[in-house]
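Q: I would like to learn how to read strands, sheets and helix packing in a model. Can we go through it feature by feature?

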Amino acid sequence: MASFRSCASFRSCHLPLPLLSKSKMASTTGETLAAAEPIADGRTEEVEEEQVVNPWEVSAKGGKIDYDKLVDKFGCQRLDESLIQRFERITGRRAHVFLRRGLFFAHRDLSDILDAYERGEKFYLYTGRGPSSESLHLGHLVPFMFTKYLQDVFKVPLVIQLTDDEKCMWKGLSVEESERLARENAKDIIACGFDVERTFIFADFSYMSPPIYKNIVRIANCVTGNKIVGIFGLTLEDYGGKFFFPYIQAAPSFPSSFPHIFSGKYSKLRCLIPCAIDQDPYFRMTRDVAPRLSYHKPALIESKFFPALQGESGKMSASDPNSAIYVTDSLKDIKNKVNRYAFSGGQDTIEKQRKYGANLEVDVPVKYLNFFLDDDAELLSIKEKYGSGAMLTGEVKARLIEVLSEIVERHQRARAAVTEETVDAFMAVRPLPRMFG
Amino acid sequence: MAFTKDQLLARLQELKIEFLSCDHPAVMTVEEQAKYVGHLGGALSKNLFLKDKKHRLYIISALANTKVDLKILSQRLGLGKGGLRMAPEEALPEILHVALGSVTPFALINESARSVSLLLDKGFKSQRYCLFHPLTNEVTIALTPSDFDKFLLSIGREPAYVDLEDCPVVGKDNPPDLAYLVPAEALNLPGGADKVPPTSAPAQTNATLEQKTKQPTQKPKEPSKEQKQKSGKDKPQINADAVADSTNVEKFVEKVLEKVSNVFISELSKQSNAEDGNIKDHMLEGVKQRVSFDLLSMTMTLKNSVYTQGFHAGIESTLYPLANRKIVERK
């Protein structure tokens, strides 16, 4: 079965994926899953669904995900304008473009985190990646970019989990290969600009140690196999490690897993987890467990899925490099991919375009600009002109290429400066004395 | 990011705080100010920007006719007899982001002023209106005391009203009654005269970063080849929080951009006439926007690389206990 990290990115707003594995129980695209959506109290039900969103599958009939339905179904809350304004007031600056444009759009208990923060009570951030491949694309980076913003504006520490053990279990990689990929991915993550003074990156294979293992077992004692099956759709034919792994992913939500960082007055620190909304069922499990271990429930801030270059109907596939912009792409590659593969909502001919304007609903370049073009005024102007026909597809794509090139170039430059020693420093089990400084 | 008068007034409006505003020529004293705004029927304030021997900063905002005795206040704050002095002139633009003659509690809206302690004359509470400069001494605004409190709370400040004329005897049995108002951290004041030998990595990092502000931004080199230059002319840090300031990437980039823009503007002014002021500001804002992201990324890279070097040096030195006896024994 495809793990919830099968899109090669744990907790990322990954592009909608077809199921990758040939597992017996998982359905192929088109069918809905047998062990489908877990209901809030943990029961599972066989439901005929129009859209399926869970940690290992994201698909919808007709291609378009209905996020309102999703939020209702999961029972999380929408991130509304007043919360965004609250962000701006508390942090003293403009909210991140992903917040303003609604890419991060749902949450659980975010108000509690903000209330506590205003009272002077801190929190820490927790995110991670399933290192299944060496090459990352922009969709993978998005949650890390957002997490970096959170780290900067709130000045709080961050732990990043690299689940090399998970990739070993689900992808059949060797232990050594998973470890290697974890370190390689760590370099790209570091290049996103995390502050070494308040960031701890760890890989499961090397960090497993008494504090976190004890928490894993405590969590394991709270969640039955039935619940795990409900959330992850496993069967008795699956290897046993897959049943155990969810506990490993839950453990970093509890500060005592990191006694070298959170001790003394920080031993009950609150946790905020930026993730993609398909991870929600998973963290429901973690939130259920938290009070039983006398911890705050981890709060979540959740994102939509990042559109593939080919648009809603496109299938993102690891073997199709033209479905996304990779961080290793050259400027020429970016230009080529956007021009040739980005799905356009513009009309077929220039005359028609001038007359009718573009369909902004399906236009992928505009969607990408929505997330990556920081200037609100310019974006508005582009949408108006493109929608009315004053602007042509080629022009919009050209602007997108500029914006993406800048981002990719910046990332590559930062990535080039990351050495093995840098990774060692980020992954060293060390106290972070100025983590709230 | 320094707040402007307009931004402050916009914030007051956001908070639904009503205020009266009066423009007038720049005034440097309360008497002058009274000529223009006395008719508003509010209480004029005199605002003192002070520092103590440990470089901690205070704003004392008092009614115009309240007697403020710095010697007594100094004792009440637990700073000894002559502990309070006027803050250095450079601290005004640097910390409060206001010009000479414009000291006002509203300056605390700036992040840079977060460690400045505010003492308010309790006499304000009984006034109908209180009058302050909204970050410039060419304007005076009047607002009710409760609205003023509302503003302070909105920037995370608990208003501290004090009987400024009270002169309790401070001694063994009478601890300084205002000691709770002394700020927790001191700020790196410009023109700091304390001479302390550079200690280790933190001071070095600061020195390196300070060096960078004097040069145009360059790509960070390979950390192992980077020379950590000793800077005789720069001010070494002794305070841990000042170290936090100096390792703050955003503050660093802000300073760099400010220095560059100031120089740029003055060079530009030499070429064209003063009327292009707005265009220049606009252009500068545009330049800053475009260059910020890259600068921030590069500076963070530098910081992480420098930390990595220090970290590994630390590890390596513990492998040589004989040569580094002190380090091992200290553990």
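A: Start with pairing. Two strands pair if DSSP finds at least two bridges between them. Now the case: strand β8 (residues 270–276) and strand β9 (residues 299–303) of chain A run parallel and are joined by five bridges. Within this pair, A:A276 has A:S303 of β9(A) as its bridge partner. Keep in mind that this is a predicted model.

Q: In which order do the strands of the open sheet in chain A lie?

A: The general idea comes before the order. Strands of a sheet pair through backbone hydrogen bonds, either parallel or antiparallel. Here seven strands of chain A form an open sheet in the order β3-β4-β9-β8-β5-β6-β7, and the pairing is mixed. The edges are β3 (77–78) and β7 of chain A, each of which pairs on one side only.

Q: In what sense do β6 and β7 of chain A pair, parallel or antiparallel?

A: Parallel: strand β6 (residues 158–162) and β7(A) share five bridges. One residue pair to locate is A:I160 with its bridge partner A:I201 in β7(A).

Q: Is strand β7 of chain A enclosed or open?

A: Buried means under 20% relative accessible area. Five of the five residues of β7(A), residues 199–203, are buried, so the strand is largely enclosed by the rest of the structure. Then look at the side-chain directions. A:T199, A:I201 and A:A203 point one way, A:F200 and A:F202 point the other way, and all are buried.

Q: How many residues of strand β3 in chain B are buried?

A: Seven of the seven residues of β3(B), residues 57–63, are buried, and the strand is mostly covered. Next, trace its pairing. Strand β2 (residues 43–51) of chain B runs antiparallel to β3(B), with seven bridges between them. B:L50 stands opposite B:Y58 of β3(B). Five residues lie between β2(B) and β3(B), which form a hairpin. In that turn, B:H55 has a positive phi of about 65 degrees.

Q: Which strand does β3 of chain B run parallel to?

A: That is strand β5 (residues 117–121) of chain B, joined to β3(B) by four bridges. B:I59 has B:L118 as its bridge partner in β5(B).

Q: Now the helices. At what angle do the axes of α15 and α16 of chain A cross?

A: Two packed helices are described by the angle between their axes and the distance between the axes. For helix α15 (residues 364–372) and helix α16 (residues 376–388) of chain A, the angle is roughly 165 degrees and the axes come within 10 Å. That makes α15(A) roughly antiparallel to α16(A). The crossing is left-handed. At the contact, A:V366, A:L369 and A:N370 of α15(A) meet A:L379, A:I382, A:K383 and A:Y386 of α16(A).

Q: Where does B:F293 sit?

A: B:F293 lies in helix α9 (residues 277–318) of chain B. At 41% relative accessibility, B:F293 counts as partly exposed. Leaving aside neighbours within four places in sequence, B:F293 is in contact with A:D374 and A:R410.

Q: What share of the residues in chain B is buried?

A: Of the 331 residues in chain B, 44% are buried. Chain B has 10 helices and eight strands. Its accessible surface comes to about 18,300 Å², and 54% of that belongs to carbon and sulfur atoms.

Technical notes: Residues numbered from 1 in each chain as written. Chains lettered and ligands numbered in written order. Predicted model: local features only at pLDDT ≥ 70, side-chain atom pairs only at ≥ 80, totals over all residues. Heavy atoms only, no water. Helix = DSSP H or I, 4+ residues; strand = E, 2+ residues; numbered from the N terminus. Buried < 20%, exposed > 50% of the residue type's maximum accessible area, 1.4 Å probe, protein only. Areas by Shrake-Rupley, 256 points an atom, 1.4 Å probe, with all protein chains shown as cover. Axes fitted to C-alpha atoms, helices over the stretch in contact; angles between N-to-C directions. Parallel < 35°, antiparallel > 145°, perpendicular 65-115°, else oblique. Left-handed = near helix turned anticlockwise from the far one by under 90°. Contact = heavy atoms within 4.5 Å.
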